[in-house]
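Hi,

Here is the structure I promised you. Have a look at it first, then read my notes below.

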Amino acid sequence: DVDGLIEAGVGYVSINRFEQAVEAFDRAVRFEEENQEAWVNKGFAHAEMEEYDSAIGAYDEALRIDDEGEFAAEALVNKAHAEYESRRGDPLETVERALEVDDRMPEAWYNRAVFLNERGNHEEALRCIDNAFSLGMRTPRALDEKARALEELGKHEEADKLREEAAEQRRETETGEDG
């Protein structure tokens, strides 16, 4: 049961048992080699173990199956992150491909902002973070990334407010408050 193996792998990921997750996803793709979801999840588990070459390989396999399919944008966003962490490829180009596939994916906009901030393009990074916000991603890390861009643009007071909001969200998460 391929769906059951994927579900088991996702369960292992949720409890940080990434080696077992990879094994479950490996079994899933042995039964159904063209299962894009299994390949994307396998890549994610490898990335969590900092096995970025294996992660990129799994994402490439998912994209070989269908570079515009249901899981293509997720594969591209995750691949961009693995490229960034491993200093391989061009993560900005990869995340831009993800946005061509699905421009309503907040994680893609967030990652694009990170990569643009890294390259010193803070104005465009702000636009990307605002897109992520408008799509529902107002997480502490997104707030921190916007604060980073604002700080670089000399907007210190606005950056400080966002950092305070991010810190408050983190405190609420730690204490279990709904906020």
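Helix α1 goes past α3 in a left-handed crossing, where left-handed says that the near helix is turned anticlockwise from the far one by less than a right angle. Helices here are DSSP runs (H or I, at least four residues), numbered from the N terminus. This is a predicted model, in which local features need pLDDT of at least 70 and side-chain atom pairs count only at pLDDT 80 or more, while totals for chains, interfaces and linings use all residues. Residues are numbered from 1 along each chain as its sequence is written, and side-chain values use heavy atoms, without hydrogens and water.

The axes of α1 (residues 2–14) and α3 come within 11 Å and cross at roughly 20°. Axes are lines fitted to C-alpha atoms over the stretch in contact, and angles run from 0 to 180 degrees between N-to-C directions. On the α1 side, Ile-6, Val-10 and Val-13 meet Glu-37, Ala-38, Asn-41, Phe-44 and Ala-45 of α3 (contact is heavy atoms within 4.5 Å).

Now for the other neighbour: α3 (residues 36–48) packs against α4 (residues 52–65) at about 165°, axes 7 Å apart. These two are therefore roughly antiparallel, and α3 passes α4 in a left-handed crossing as well. Among the α3 residues that meet α4 are Trp-39, Val-40 and Phe-44.

One last thing: Tyr-110 touches Ile-129, Ala-132, Met-137, Arg-141, Ala-142 and Glu-145, leaving out residues up to four places away in sequence.

Cheers

Note on methods
Parallel < 35°, antiparallel > 145°, perpendicular 65-115°, else oblique.
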